[in-house]
Amino acid sequence: MTKLGRVWRHLPTILAFGLLAFQAVLPWLSLGYVTQDGPSHLYTAHVAKELLFGGASSPYASVYEFQSKLVTNWSTVVVMNVAALLFGPRDAEHAFASLCVVLGFFGLSYLRRSLDPRVSPWSPVTNFLLCSWFLWIGFYNFYLGMAILPFVLGYYIRHWRALDPRKAVILALGLLLLFFTHVLAVGLALLAMGFVAVWGCFAMTRPVTLRPLVWTTAAFAPSLLLLLLFIRASGQTADYDPGLDWAWRSFPMHTFASTRGRTGEQTLLMPAMLAYMALGLLGMRRREWLSERAPVFVTAALSFALYLLMPNSGFGGDEIKLRFAWAVFLLGCTTAATVARLQPLRVPIAIYVAVFLMATLLHTWRVNVRSVSPAVSAYLGALERIPEGSTVVRLRFPTDAARLRYGYDLAALEPLFHVDSLAGVRRNLVVLSDYQALARIFPVGLRPAVEKADQLWDLEGSDTGAASLRELLDAPPVRIDYVVILGDQPPSKNAEIYKGIIEELDTRMRLVYGNSRGAFVRLYQHPGAR
């Protein structure tokens with residue numbers, strides 16, 4: 001083979017690792033990089049650490065407690081604390097985002113190699129699958145769970161025929177790790193491995209053997225029991241309204257959007273990847289139907305059915321349909337990449353995906369990273385006036401003017417949403433309005449004597465938030481030292497509500513920041529606060 005031929009053959013690998021390098025470094029290209037929910041994950045991890053090691057002297061001890069009921073979202077707490085220890089609070093989210101992408105890349109490549117060791121595991125298709133809306137918005141529990149899932153599934157595919165006590169224990173530990181990362185990730189893993197076990201025992205082995213099913217059941221038992229206990233203990237239900245017609249017309253929704261517009265929404269890649277999955281499914285030979293590809297494709301198809309049939313929120317979570325839509329691509333495209341009849345298209349597909357994905361990543365860098373950073377820095381600068389240990393609540397109004405002024409108006413998220421929680425980590429502030437302690441599905445929650453869930457939840461929006469803020473100030477669960485008003489002056493919507501709450505705060509508290517024209521943050525201090 002000529003040198004040019006070798007380069008052509010290895011081009012998908014070169015492109016995949018080049019894209020991975022840029023994806024991993026992307027969060028580090030701006031010190032002000034944040035996602036919408038990322039700061040809240042960091043804040044929950046910080047509070048958990050303080051509760052565990054800070055003792056009664058910590059400002060968090062009288063406000064928060066560990067959940068007494070079974071919750072699943074522990075892995076992000078642990079990993080965020082490790083990232084904060086190694087890189088500091090400023091760069092903890094940078095490190096976590098990079099870790100998620102790298103872990104997902106090698107996880108999907110491991111699964112691909114598990115399905116067929118003869119096929120190269122490296123492809124820009126994997127990079128595309130990881131460029132998901134869930135990363136940019138900071139749904140880190142779910143993203144991390146879906147990055148770990150391919151390792152667990154791939155391990156099972158490699159060893160299901162020869163499961164023994166040692167391998168069953170390893171598999172059980174992997175499933176437990178998934179459970180304590182995200183409930184949907186472990187559910188999908190159990191589903192996929194269940195299909196592999198049944199398909200393998202009855203379609204792939206002659207004579208039919210049930211021995212792998214016995215060890216598979218034993219490995220499933222701990223996580224499956226915890227999953228059932230979690231569902232029972234959650235005490236939450238979902239109003240069944242699948243919106244079938246809307247879901248069918250909208251698939252795959254904004255699964256791969258980072259910004260608005262054709263480039264940011266990857267409208268030239270998603271249809272191609274759907275066709276790629278369809279070609280892979282239709283192009284499988286008989287021997288491939290009698291391999292583990294078939295049950296993994298079945299899991300992808302069932303994920304699409306669940307996308308259609310499940311409600312979009314319930315059990316404390318939302319965007320449920322979108323999560324299943326992503327699972328369709330993760331499992332379907334990874335399996336299609338191993339189909340023999342698609343191998344001649346491997347290099348052209350790699351080039352096509354790499355070109356359009358790189359355009360998306362560059363656009364995302366300009367909008368979600370470079371343009372957001374000055375706005376985040378300005379917000380954090382305003383909150384630097386708050387003394388350490390103070391108690392803070394935040395009321396949010398639209399920031400359309402700020403988005404235009406700083407140049408991130410095309411971002412498909414609100415990066416300033418929880419920057420107050422990032423300030424809370426940096427300055428040891430008690431941020432009562434952070435949503436994770438209120439949601440009761442994360443490891444840390446408010447103490448019963450403190451919790452005013454309805455009023456605090458309302459501070460996420462501006463329609464009823466102003467009235468709830470008044471109730472909190474009239475009868476606070478603990479003294480509220482500072483109030484942060486995030487929003488344009490005046491906002492594009494709810495201007496009258498904004499004006500009313502500003503007039504009231506001007507009479508009850510002292511304005512310490514935000515009187516200048518164009519400021520999108522106003523900071524008020526309680527008369528008795530430091």
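Student: How do the residues lining the second largest cavity divide into nonpolar, polar and charged?
Tutor: Five are nonpolar, two polar and two charged. Here Ala, Val, Leu, Ile, Met, Phe, Trp, Tyr, Cys and Pro count as nonpolar, Asp, Glu, Lys and Arg as charged, and the others, Gly among them, as polar. The lining includes Arg-112, Ser-123, Tyr-276, Gln-343 and Arg-346. The volume is about 50 Å³. This is a predicted model, with local features needing pLDDT of at least 70. Residues are numbered from 1 along each chain.

Student: How many cavities are there of 30 Å³ or more?
Tutor: Rolling a probe the size of a water molecule over the atoms shows where empty space is left. A cavity is a set of points on a 1 Å grid where a 1.4 Å probe fits but cannot get out; lining residues have an atom within 4 Å of a point. A volume is the space filled by probe spheres set on the points. The count is six. Leu-26, Tyr-33, Trp-136 and Leu-361 are among them.

Student: Which peptide bonds are cis?
Tutor: Most residues other than glycine have a negative phi, and most peptide bonds are trans. Phe-251 to Pro-252 is cis, with omega near 0°. Gln-489 to Pro-490 is also cis, with omega near -10°.

Student: What is phi of Gln-266?
Tutor: Phi of Gln-266 is near 55°, a positive value. Gln-266 is buried, at 2% relative accessible area (buried is under 20%, exposed over 50%, partly exposed in between, with a 1.4 Å probe on protein chains only). Asn-494 has a positive phi of about 60°. Asn-494 is partly exposed, at 24%.

Methods:
Predicted model: local features only at pLDDT ≥ 70, side-chain atom pairs only at ≥ 80, totals over all residues. Heavy atoms only, no water. 1 Å grid on protein atoms, 1.4 Å probe; cavity = no way out; pocket = protein on both sides within 12 Å on 5 of 7 lines; lining within 4 Å.
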